Each structure stands twice: as C-alpha cells, then as structure tokens.
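Please keep the structure open as you go.

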4 protein chains.
Amino acid sequence: MSNSLGKLFKLTTFGESHGSAIGGIIDGCPAGIELDFKAIQYELNRRKPGQSKITTQRKEDDEVEFLSGIFEGKTTGTAIGFQIKNTNQKSKDYSHNTDVYRPSHADYTYDKKYGFRDHKGGGRSSARDTANWIVGGAIARQILINVNINAFTTSIGDINLEKPYQDLDLSKTENNIVRCPDNVISEKMINLIDNIRKQGDTIGGTITCVIKNVPIGLGEPVFDKLHANLGKAMLSINAVKGFEYGSGFSGAKMKGSRHNDIFNEDGSTQTNHSGGIQGGISNGMDIYFKVAFKPVATIMKKQQTINSKGEIVEIQGKGRHDPCVVPRAVPIVEALSAMVLVDLLLIHNARK
Amino acid sequence: MSNSLGKLFKLTTFGESHGSAIGGIIDGCPAGIELDFKAIQYELNRRKPGQSKITTQRKEDDEVEFLSGIFEGKTTGTAIGFQIKNTNQKSKDYSHNTDVYRPSHADYTYDKKYGFRDHKGGGRSSARDTANWIVGGAIARQILINVNINAFTTSIGDINLEKPYQDLDLSKTENNIVRCPDNVISEKMINLIDNIRKQGDTIGGTITCVIKNVPIGLGEPVFDKLHANLGKAMLSINAVKGFEYGSGFSGAKMKGSRHNDIFNEDGSTQTNHSGGIQGGISNGMDIYFKVAFKPVATIMKKQQTINSKGEIVEIQGKGRHDPCVVPRAVPIVEALSAMVLVDLLLIHNARK
Amino acid sequence: MSNSLGKLFKLTTFGESHGSAIGGIIDGCPAGIELDFKAIQYELNRRKPGQSKITTQRKEDDEVEFLSGIFEGKTTGTAIGFQIKNTNQKSKDYSHNTDVYRPSHADYTYDKKYGFRDHKGGGRSSARDTANWIVGGAIARQILINVNINAFTTSIGDINLEKPYQDLDLSKTENNIVRCPDNVISEKMINLIDNIRKQGDTIGGTITCVIKNVPIGLGEPVFDKLHANLGKAMLSINAVKGFEYGSGFSGAKMKGSRHNDIFNEDGSTQTNHSGGIQGGISNGMDIYFKVAFKPVATIMKKQQTINSKGEIVEIQGKGRHDPCVVPRAVPIVEALSAMVLVDLLLIHNARK
Amino acid sequence: MSNSLGKLFKLTTFGESHGSAIGGIIDGCPAGIELDFKAIQYELNRRKPGQSKITTQRKEDDEVEFLSGIFEGKTTGTAIGFQIKNTNQKSKDYSHNTDVYRPSHADYTYDKKYGFRDHKGGGRSSARDTANWIVGGAIARQILINVNINAFTTSIGDINLEKPYQDLDLSKTENNIVRCPDNVISEKMINLIDNIRKQGDTIGGTITCVIKNVPIGLGEPVFDKLHANLGKAMLSINAVKGFEYGSGFSGAKMKGSRHNDIFNEDGSTQTNHSGGIQGGISNGMDIYFKVAFKPVATIMKKQQTINSKGEIVEIQGKGRHDPCVVPRAVPIVEALSAMVLVDLLLIHNARK
C-alpha cells in the first residue's frame, strides 16, 4: 500500500540504487494514448545524475524499458510495467558505512523499524525511486494535453527569486542548470551551489510550481482535496520539509477583506490567493504552490555519529553526491503534479 | 473514497451543517479499548462554536451519540457508528445567498463540479464535518496511551509566538481562549481578533503541534511517510494553506553541516531539525510541525461578487461567524494527528 | 476497510441488531440523481422481517432516514449518510446465551478474535446489516436506469426450479412469499418451509440472479473481474456457501467444443455458458449466477454446545427466527448486484 | 487498482505473454523472512507449461529474478520487485487471429472496452499472469510456517474423486501429472485428458483445496470475510466459473439440525460443514473449498466466429495449448490461498 501513489491512475514502484534495476507498474492509464517516448526520456534526462557541475557526477543513463501495457505505441488500458536498469551500481563501494547511522538519513529509523537494513545506497530510502515517478508523470502529462505544468527553482539558501511568477518567462527555466527562469538570479544560485560544493557542504532551497489550464472541478471533498493530494505527493519527495499553496504561510497574516478573491463576471477572480483551488476543487485559475527542500544530508565533511552498537564513530561522505537536490527535483515536482491531476481527473470523469 | 481518512484506523464521515445530524463510522479500531466518554466530549467542547467571545456566537451542543461498536463501555473491534445532532440548524436563514457565489468559498467550484449545489451553510464544504474528526481523534488518543499531542496557536496575523516550543509550558494552552501558552502573547492575539471582529473582518494564523513519546518506527516508505500523511491530514482542514515540519521552510535556507542532526549514543539527536522523522519514519524525538490558516472567507463587510448567471451582485456576511478559525482549530489539529499516528501504528504492528 | 463495499461507489456500514440504529455512508454517488424514495422503501420492505408466515415474526419497520448528501430530492455528489432505527430491539431478551457459543454461529470466532464479544443478537455478525445494503443497492439501481436485475428462489432444500430462466416469467417473482416465479414449485417450497418451521428446524436453498441490458465493457482485468466482484459480494451475505456464474460447476464437466459460445454477426452469442462475462468483462449478454445458502443456524430444537469455559451446555433457540433465509435474501442479492455494477460502471467511465 | 491483490500483503502485477517479461511488486511483506528461493522456483515449475503430456507443449523456463526488497537473502520489509522473462514469445505467430474474436475468449470484450486490443496471445487476459501469482504465493507460504495448503484435482469432466478429503493421502498429489491423490482415479483423469487432446478438444474440471492449521481469528466482518476473499481470489483465475466452501451447494439442501457443527469441549467441532470458517472468521478447523474450471476456450477444431467488422469467419486453434487447465491450476489455487491468508493474518495482527 505504501509503495503506491494515486487511486485510479496508480503508480506502484520498487527498487534500490544498488539492485540491478528499479521500476514500476502504472495501473489505470486510459487506453489509446499514443505515447511520445522521447518526451518520457526527456523528462528522465532532466532528473538524471551527472547532468551538470552542480549535480552529483555519478553517471546513470536512466533509460526506461517498457515491458507491458503498450501495443503498437499506444496504451492498451492495462498495467504498464517498466524498468530502469541501474547501470552504475556495481562500481560503488558501500563497505565504509555498513554499520554506521548517517546523520539525518534513514539508516537509524530503518534499522529500528525493520530489525536490520540494506545499507547499500540507503536501500529503499534512496531518492533513486524518483526516476520511476518521472516515468509515471511523463505519461500522465500526455493525458493532460492542454494543461501546462511548470516548476522552477525559487530559492537556493538565502538567494531568492522574489518576482511573482506572472512576471517570469517560464519558458526560460531550462536555459540554465539550476532551473530558475531569471538569468541574474540563476547565476547567483549556481555560484552559491558551486561554492557550497567546494566546501564539501550542501544547501537547501525551494521550488515553485505553476499549473495553467486545469479544468474546473478537480479535487474531491473531504479527504481528497486537490491541494491535500498535491501536498502529500510533494511531502513524499525525499528532502521535502514544507508545502504551501496560493497565499500559503503569508496568507496566515492577512485579513479576510484582503485575502478574498473577488469574482469577475466570467467566474475568474481578480486576485488568486486561493491558488486556483477553492474548497479543495480547482476553479480554473492558475494553481501554484511552493515546496521546501532541506540540504542533502550527505556532506563531504567529517561528522560524528554512532553505529548500531551505540558507539561514537566519525563519518565522511565519499563518492559523488548532489550538493543541492533542488535543480534535479524540478522535474520530480512536475511529475508528481501530473500524476495527482490525472488521478483526480479520472475520479471526476467517473461520475459525469 | 474521498470521505475517509486512514487505512487500518479509518474514519468515514457524512454531513452538512443544515441537516438533522452529521456523523461517521470508525473502521478498524482495536477491540477492548475501555472508552473515556468524558474525554471525547471534552475534545468536542474545545472545538464547539460559541465557546468564547472570539469565536462564532452560534450555539451547538455537539453531543456525540454512539450507535454501534461499543459494548459495556469497550470497543468491540467492529465498526463504530456515531452521530452528532445539528441542534441549531433550523433557525438559520439561507435564503439570502441561494444563488450567489461567496468569494473564496467553495460555492462556485461545487456548482461547476456537481452541476448544482446545496447552498445551505456551504453544504458538504462546511467545516462542521471537523466535529466528526474530533470524535475519531479522541478515540485514537485513547489508543496512544503514552503519546502526548499538544497543538497551540503560534501566530494570529502579525502577532507571533517566537519562543521555541521547548521554552513553553504547553500545559497552559487551555488557560486562555486563543489557545496560546504564553500569557503576554495570547493577550495580544485575543485583542487583535476582537478588533478584527469589530471591524467585521477576519484574520489568519498558524498552529504548531508538538508530539512527544511517539514510538520509533511509525511511517512507511515510500508514499505513506509519517510527515506526508500528517501533511495531507492537515491540508484537509478547511482553511489550511500550508504545512511544514521540523526545520520546514527555514530549513531550505540552511547548509547540510548545520541542518544535520548529530546522534547521541542512545540514538537521540543533539538537534532536531528532522522534526522527529527521518526517511518518513519516526525516530523517537519530538515530532513538531506548523500549519497555516487563511482568514475566514465570510466577512461582515460588503463585497462584490457574482451569481450563477454571471451577474455582479453585492454580498455581506450575516449571522454568526468566526473572526478567526485558529482557536477552534487547535483540537482539530490534535485529532487528525492522533488518527494519523494510530493508523501508522496499526500498519507497523501488522508486520511485527 | 472491512466495513466497506466498492471503490468508487462505496458503501460503508455500521450497526448491530440491538443498538438504537444501524446505518451507513454512501461515498461516490454521482450528483443530480433524483431519488425515488418509495422505491428505496419498497426494497427495504421486501427484506424486512415479519413479512409472511415463512419468515421470522419479529417486526421491524425498517424506515430509512437520510441525513446528508441529498438536496431538494437530488443527490449532491457528496457523502450520503443514512440510518435505520432498531425499533424492536428493546424487547429482546439476550440473557439466555450470554456466555454460550451457538453452533455454526460466529460467537466462538468473535470471542477468540476480539477477546470478548457483544452477545446481543450476534453483535456485528447479525444479518441485520443487510438492511443497510438494501439502501445502497436501491440507490445504485436508480443509476442503472436500463439495467434489469432479477433474483429469484431456485431451490429450497430438495425442491428445485429446474426450468431455465429463459422459460420463466420473472415478473411473477413477487407473486408469492417464497419469491419463486413458478406457481407450482413455489407452492411446494412454501409448504416445505412451513413444515420445517413447525419442526423447529431450518432449511437452505439457492437464489439465481439474472441481469439484463448490462452495458458492454464493465469489469477490470485482472483482480476486479466482474464475476469476481459479484462473487465476493454474494459470499459476504451471512449464510452463503457458494457462488457460480454462467455454466458454473456444470461447466466443469463440459468439453470446450460444447462450452464455447459461438458469436452471431452482431456480437451476441448463440449460447451463453459465459454468463454474460468474458475475460471478466461484460459482453452484453444476460449475466446470470447462482448463490447457495446454508440453513439458518438458530433452530428451535435442543442442541448440545459449549460455553466460554469449555463446559458442555444445552441450548435451544428462542424468540422469532427465520426458518429459511432465502425468501428475504432475494432483494439482498439484487442490491449487492446493483452496487457491484455501478461501481464497475463508474470505474469504466473514468477512463473513457 | 485492478492489478492488485490484497491490502497489507499486496501483489501488483503486469505483463502479457508476448512481451519481453512479466513481473510484479509485493508491497507489505514483513521484514526478516529468510527466503527459500528453491521453494519459489519449485512452485513455478509446478505451474510451468510443457511439464507433461497433458499440458501445453510450449516451453517456458519461468525463472524468477528478484530486483529489490531482499538483502543478503532476507526480505527488507520494502517493495519486492521481480520479473519472469518470456523466453518463448518470439517464435509465436499471431498473424492468424489479428482481427478475429475467438469464441469464449476476451477478444471481443477487450476490443469493446478499450477501443482496440493487443491481439498477441490474449494480451493482458492471458493466464501467463498467474506465474506472477505463484511468486507472491510462494513467498506468502514462507510466512505461514505452520499452515498446510494442499490443493488437488477432484474432477476432470465426469470423472470424480468422490472420497472425502479426510480419506486421501494428500502427500500423493504430486505423484501423478494430473495432481489427483488417488492412483486409480488419477489414471482415468489422465486418460480422459489425453483422449480429449487427441480429439483437438478441451475439458473442464474441479480443484479442492484443504488448508490445515490456520490460526483462529483470520477474516474480518463484514466485507472481508475469509471465505469471501478466498472466493474472489479464486474467481480471478482465468477459467474459473464457481466457488464453494464447506458444505457449499450441497449445504443448500440441508436442514439446520443436520448442518450445524456441534462443538467439542476444546472448541473444535464434531462435523465441519462450516469449512473452518464461522461468521467469516477462521475457527481453527480445516478450511476447504472447491473451485470449478471451464474447458479451455482454444480448441484445435474449426469453429465459426466473427471478426471486428461483424463478418462470419472460421477459426482453428494453432500451436500448443492446454487440453485442460486443471493440473497446472493446482499450484495457482494454493498460491492465491496463501496470499489471502497472509493478508488477513497481517490485518488481524495489526490490532492485537
């Protein structure tokens, strides 16, 4: 149950970074969708390691292989099985932290929960599983033909993109390696990550996602509100610490007379503090939300920690890790958004 | 599906504010729990309208009646049905907004989604359903015998309780009507709400929840992480716009070398930016999170809006509404937390 | 989880025969259905006790009261809560079997599973819950406007209705109290039950259900096949011991050359051993299946049994019980069929 | 949703017979189970094609490859991904029935449901998916250490094994290729299938399954009764037409005074018409049930049928098909039984 996302469009995944492959099953994809496989691979490439100097230098090709549910290029309406080989896993050396609990990782909690753990690459807690999510999301996007989902980096450490998203040209997000659609700010962010990397440290940041042209009516009262499902999906990403939509935390400071979105005659609203969602249901305005990512826990500096016997030991990250997870998380935020929307679209369609 | 919360400890609810009763069914409550009915009613009283000058003056007794699943005071392990009569609904007058879309309410989206809507009291989008959640949560708390769940108000508008929760005496939360465990700040909050109320306006705020003594190991990889389930539950509360846990949005500004929680020999950590959860699983440290509430959409001022024909009309809130939802939301945050924890506790127990 | 039937059209129930009320919540009913409340009550009356000399003489009015999800006579698309008062429960005397395990009842297994049990009227194992199912089914039928669901008694003890259903006039089912659409056979069945009743004994039987005009395409591979969901629903009825559809157990004796249903040019088939379902999906032909009911376990004769201490005791049924469950189960079979079909219809619609 | 079996021990599968591989994901397997991989392969071999003269002569090695969720031979408690390569699929020739609806297959219903279909080897309706079930079941059996699950063939066509299962030596089931634990009857069954095969025809049959040493208390009221879940699982097997447990359809002819199972002092019963289940919950007695299989629809004789244009065409099975599905279905019945039991065991454990 806990390896699945969605109810009618449902992705179930498996895999660890050190196994021979990861993969998943998409249950509930409508039949007859002519898949654009290049678009799927394009999204995987946006997420893959080794894509720039500010991501891990680990190389994984991340090529998806579809095993079922597709016939002559079209979805058949039945289970879509797929896998992504772990091409890079053999060369890794995990012997150094066999019995050590890395700070702010899941080593300790997995050991306590399951009685032992797969210490290689974090086992199931590895962010490698997000490659599977990209596949699910890339297919979901092909169902949402007119919907535009655009995530982008809005802060790295203390460097913030302050402009409202309406003043940005979101088509520029892919123009730089940090995925911030502002030339000046993006340069600063890249420099910051690069400096942090050289220090052997890591840094957090935020991603904003804007979704345009969502049909009115998606989302279900009471416990499948659109923003609640988006929030849960985002909080499932490995380093996420917070989620807000529309006015978010700043809305908590406002008066109702200012926060209320006054309707125009066509049902659109003059402001959009609601973030495109009222009563948990899309109202046709832009949906937008922000996600907070903590700094990556693996740092190249020495840290004190303990092993399973409770002995104090020293640990230092080895190998190739991301100094900041945010640039590679942008396509993950979009992929999850797409899956949440398709799922609620199918649920909405069911009763029409 | 969308009226249920939880998998093994599952609350399903029904009801609108204008019907004869609301209620719910709890599926999966363990057998043999000797229920403290006064404790359940106590929680309902904390949420009920009319409790102070800064809440709505509407009166509802909110007495819960159990209809099944309890025998000689103990849970039988089978479905617990319950209802809460709507004692106050007959006197209400809804004729004034039959066909008007109240700004930032769910009127418009319900109409578009369902083709028509129950205009009385917001229909199913009414926050009245949260009384049902209180019942579920109050029972869940009686299963979590050693766990302490304490929510409290941390901001109203621009008035913030800046102190870290460790410096607060959380037993004082109920000492004032705004539910802030600081005598000085709470006074300011109450005055602010009272002023806002006199202006016919409303105001937002935040609630922090601290949970102590959670067993290690609750939460499931990958899509039932403890914080993701908490986040989804909180985002289901009617006015919620954001959720963060542990370091939250401020963690997004930090370096890894500062954010990482270094272990003590006993497995506890020196800091707790992780918020008691690592890899989605409780680690035995305090769990804490913050929830943002927008200002109530119904204000006593004139607002322009439209009706279902797209005609511009003017609307003004009538009757008795909350100037701020936060004080009454404190027990709701606790109730949802309790249900999420019990659900994940049962799931964890299943495999031991 | 275990008190719910269906995924998109989902009935969740609660209640025991001795409480003040039973009831349920229907989640996922489409909006805008103008409910025929008399039709719902008509189905409840077909199930209710005391309706004839061959059913229990206990009297229950079984009036359903809707509490939510309906506005001005139409479904709103939100949770439909309802309850049925237990008008007859106060007069019952359960003191005689407080600690006795009635043979072939659930007393022993409930005690072992839950550590104790609600001994009044069987607690949650009471067939009284089926009244809730009738409500769900009666609403489901109003969504399936062109579908005809007809269940009828095909055997009581050794008395069989041998004619194929095509030779019967199913509109005559309600003409007699045993619900068998053949005047001669029904008379024999009634006499048999009456004799059995006079002996203080009980008797089993079978019900066949024929469903006409089901849209093509309902049912999902692999684990939500239409007949698998029908089978599970029927096996949930209290006394059911078996389920077969189409050729059923007799099909296991056939050769493929005889069993295969040859297509006509319009896609209909010359024979219908498939029972209207191929590969788990409706093919537009009549769906038909048969359900086996064991004799009621409560008999008016003395039986040896044990109590919770393992002591041998003697027991004898008291009060008013059904000598045969079959006549009152006919509307239950139809109700479950309707809910299964609507659920799969909504799932099918979701992806069109 | 429809490619998954189980709630807490949940198998999700994908795959068609003509793709490069089939496979699945097991979600919810407890941690720390030391897997016996030979036992898993042994079960796959019992199901695999080409094992004897009375099964299809198609050859598939059916070797399972585990991709995740296992570390140093033990389950980690996280998702177990696996695949089985389709080694034989390339040589098949499907060009002959591209556009033809094979009688009593799912071709017609898939085409109508999905708008088109994967005509190779039946696409998703292929019984090849049952190999995935074997894997799930073989792992489930290793959790149920003391439980004995024994399925065996009880009839082929008109040849019946009449003896009660108590008089059989179930350890002899694997001694012959039809999997009937009686030397004389099994010989007749084999001869019948062999004759049928030579005629180019197929034949149905029944399988009985006996499960010993099931813990008391498995199964949930109301809609997850143990026998209802077993029934649904069995009805998911491709050719199954009926399911009965305990006294089954013959119980429908009995009087209560004969059918009731009288308790012994230790809680066991003198008879076992209940089939080890009372009120949907295991009572510690043997669980037994019978499953009816129709004859395989693909026959080597000419049959009239239609194509997608509604034109009458003639069809004749080619290649290598099973003349009777029953012998290879015996391990499938056991595998499903094991998964149903483990799932209900975990659900039961959750609340203790």
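1. A definition to begin with: a salt bridge here is a side-chain nitrogen of Lys or Arg within 4 Å of a carboxyl oxygen of Asp or Glu. This is a predicted model, in which local features need pLDDT of at least 70 and side-chain atom pairs count only at pLDDT 80 or more, while totals for chains, interfaces and linings use all residues. Residues are numbered from 1 along each chain as its sequence is written, chains are lettered from A and ligands numbered from 1 in the order in which they are written, and side-chain values use heavy atoms, with hydrogens and water left out.

2. Let's start with C:Lys309 and C:Asp99, whose side chains form a salt bridge with N and O 3.4 Å apart. C:Lys309 sits in the loop between strand E16 (302-307) and strand E17 (312-316) of chain C, and C:Asp99 in the loop between E7 and strand E8 (100-101) of chain C, so this pair ties together parts that are 210 residues apart in sequence. Helices (H or I, at least four residues) and strands (E, at least two) are DSSP runs, numbered from the N terminus. C:Lys309 is exposed at 62% relative accessible area, and C:Asp99 is partly exposed at 25%. For these words, buried means under 20% relative accessible area, exposed over 50%, and partly exposed in between (1.4 Å probe, protein chains only).

3. What does C:Arg141 form a salt bridge with? Its partner is C:Glu43, and the closest N and O atoms are 3.8 Å apart. C:Arg141 belongs to helix H3 (residues 130-143) of chain C and C:Glu43 to helix H1 (residues 37-47) of chain C, so the pair ties together parts that are 98 residues apart in sequence. C:Arg141 is partly exposed at 24% relative accessibility, whereas C:Glu43 is buried at 10%.

4. Now look at C:Arg128 and C:Glu60, which meet in a salt bridge of 3.8 Å, N to O. The pair links distant parts of the chain, 68 residues apart: C:Arg128 is in the loop between H2 and H3 of chain C, and C:Glu60 in the loop between H1 and strand E4 (64-66) of chain C. C:Arg128 is buried, at 7% relative accessible area, and C:Glu60 is buried too, at 3%. Over all chains, the count comes to 104 salt bridges.

5. How many salt bridges are there between chain C and chain B? The count is zero, but there are six residue pairs in polar contact, both residues at pLDDT 80 or more. A polar contact is a pair of N or O atoms within 3.5 Å; within protein, one must be able to donate a hydrogen and the other to accept it, and residues adjacent in sequence count only if both atoms are side-chain atoms.

6. Staying with that interface, 42 residues from chain C and 42 residues from chain B take part in the contact, where contact means heavy atoms within 4.5 Å. The buried area is about 3,200 Å², with carbon and sulfur atoms giving 62%. On the chain C side, C:Met1, C:Phe71 and C:Phe116 lose the most area to chain B, together 20% of what that side buries. Buried area is the accessible area (1.4 Å probe) that two parts lose on being put together, summed over both.

7. Finally, D:Thr153 lies in strand E9 (residues 148-156) of chain D and is buried, with 0% relative accessible area. A polar atom of the D:Thr153 side chain is 2.7 Å from the backbone oxygen of D:Val178. Leaving aside neighbours within four places in sequence, the residues in contact with D:Thr153 include D:Leu161, D:Cys180, D:Met189 and D:Val330.
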